[in-house]
Amino acid sequence: MSLLRVSVDNHRCHRYAFCQAEAPENFKVTEDGRLDYERRPRTPDTDRVLMAARSCPMQAIHVEMR
Amino acid sequence: MKSPEHIAVVGAGLAGLRAAERLRELGFHGELTIIGAEKHKPYHRPALSKQFLEGGLRGRDLMLPSYFDLDAEWRLGTPVQRLDPARRVLYLPGEPPVRYDGLVIATGVRSRALPGAPLRDPRVHMLRTIDDATALHRSLAASDLPCLIIGGGFTACELASTLRDLGRDVVLVSRSKTLLRGAFDPVMGEAITGLHRSKGVDVQLGAQVRHWAPAERGVGAYLSTGKFVVAGCVVLAVGGEPETDWLYGAGLDISDGVLCEPTCHVVGASDVVAAGDMARWPNRRFGSTPRRIEHWLNAMEMGRAAAESLLAGRAAAVPFEPMPRFWSEQYGVRLQAAGMPRLGRRVVRLSGDARTGAGVLGYFADDLLVGVVGRESPRAMLHWAAKLRASLTPAAAAAATRRRIWRAWRQTTCTAEGATA
């Protein structure tokens, strides 16, 4: 079983929320325009988290699989 | 397709990368060859007109990751010369032919050369590849004179924004009456035009270059509006054309990109799929007309779908029916769209006022919502994109086709009842 580690580069991220469309359980743009995200997503969320990273227009999401 | 031994991916951009990645993700264990005309591995093109030129991101920051081991043979700097789909062979320059069992075509588009422009002048640029952007960067450093941008689309607008942020003088020349006319309605186009003018861009609309006069000091351009510009560099951003020259003689329909079935399978070939900017296919959420979509997210999604279809085979493959989405950022203003706004005939304000600030516009064909455009509204766009996805189904589109509500693709006249109210 692989462990997921997610980090988002705050300078690159412009909060378009495309990640939230792909993985709403793991990424959320808040009302005041910040991005909340799960740094250690559950294994069943892997595919959605990877799609979020692929969809990021700023390529700001870094995913590590251990 | 019965367990292929060798799959070739022609095109090492986003669509090609995501297709290759998906093949491995789905358990394809055979040989994988990725052939790219550029000498670089897949990189993030959208950043070229923005963060790369600004200096915030460098070449190595732009590399696109694969989340699965590709275990591929990369043939970079290798433009494929010819395809023989009957014998399943690719011809490469100066190398033995490559045989394949399955083929992904994803060669994208190249910048269109503006007829009459002094293309050989080192101060005249196009902006598609990282090499283009590097050359432009050099040109910008060599002269303080204004930068002349020809074109009114996203590349032209984003570049104008970047150059103003860098403190450069910019003259933007477009044949259209408003900027971004191909993507939005005239009201939103005028709002964007106003944004550029408020930031000090000299926007010349309904205009073109009558005569070019390259001189030692700068590149002179006489505009049809009577203005004369001496530019330190020129960027031709007048759109792209599908990279399909290598498909001449292959017996495929390449009248505007390569024609595909709803499943991304290329019409007229076996075990060949296409993806990205150069693939023309009917997205059945918008009727039966095959269209090309030059959006970054589409290249990503279609690359994956094409890989799935290739492995599934023609009979078992499912149609690729995405809800298209795109974004653009100019002067820190985030624009997003979902669906196909330019298929709409009527524009309605769904929230706020996107002409002046945050807001969302809805585009209707008859009573059917076919697209939404948001300005500084990412959260609202989540809602509207999901709503579009749920309501604009292939069945709804088929019913709409019977009522003949789809407008011609290139037609861009739009009333703006809601937006002007």
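Chain B of this predicted model is divided into three parts: domain 1 covers 6–110 + 241–312, domain 2 covers 124–238, and domain 3 covers 332–403.

Between domain 2 of chain B and domain 3 of chain B, the C-alpha centres are 29 Å apart. Eight residues from domain 2 of chain B and eight residues from domain 3 of chain B take part in the contact. On the domain 2 side of chain B, the residues that touch domain 3 of chain B comprise six nonpolar, one polar and one charged.

Two residues of chain B call for a note on backbone geometry. Most residues other than glycine have a negative phi. Arg88(B) is not a glycine, yet its phi is positive, at about 60 degrees. Glu376(B), also a residue other than glycine, has a positive phi near 50 degrees. The table lists where each residue is placed and its phi.

| Residue | Phi | Loop in chain B |
|---|---|---|
| Arg88(B) | about 60 degrees | between β4 (82–84) and β5 (89–91) |

Arg88(B) counts as buried because it has 20 C-beta neighbours inside 10 Å, and the cut-off for buried is 20 or more. Glu376(B) has 18 other C-beta atoms within 10 Å and is therefore partly exposed, a class that lies between the buried cut-off of 20 or more and the exposed cut-off of 12 or fewer.

Notes
Residues are numbered from 1 along each chain as its sequence is written. Chains are lettered from A and ligands numbered from 1 in the order in which they are written. This is a predicted model: local features need pLDDT of at least 70, side-chain atom pairs count only at pLDDT 80 or more; totals for chains, interfaces and linings use all residues. Domain bounds come from an automatic or database domain assignment. Two residues are in contact if their C-beta atoms, placed from the backbone, lie within 7 Å. Ala, Val, Leu, Ile, Met, Phe, Trp, Tyr, Cys and Pro count as nonpolar, Asp, Glu, Lys and Arg as charged, and the others, Gly among them, as polar. Helices (H or I, at least four residues) and strands (E, at least two) are DSSP runs, numbered from the N terminus.
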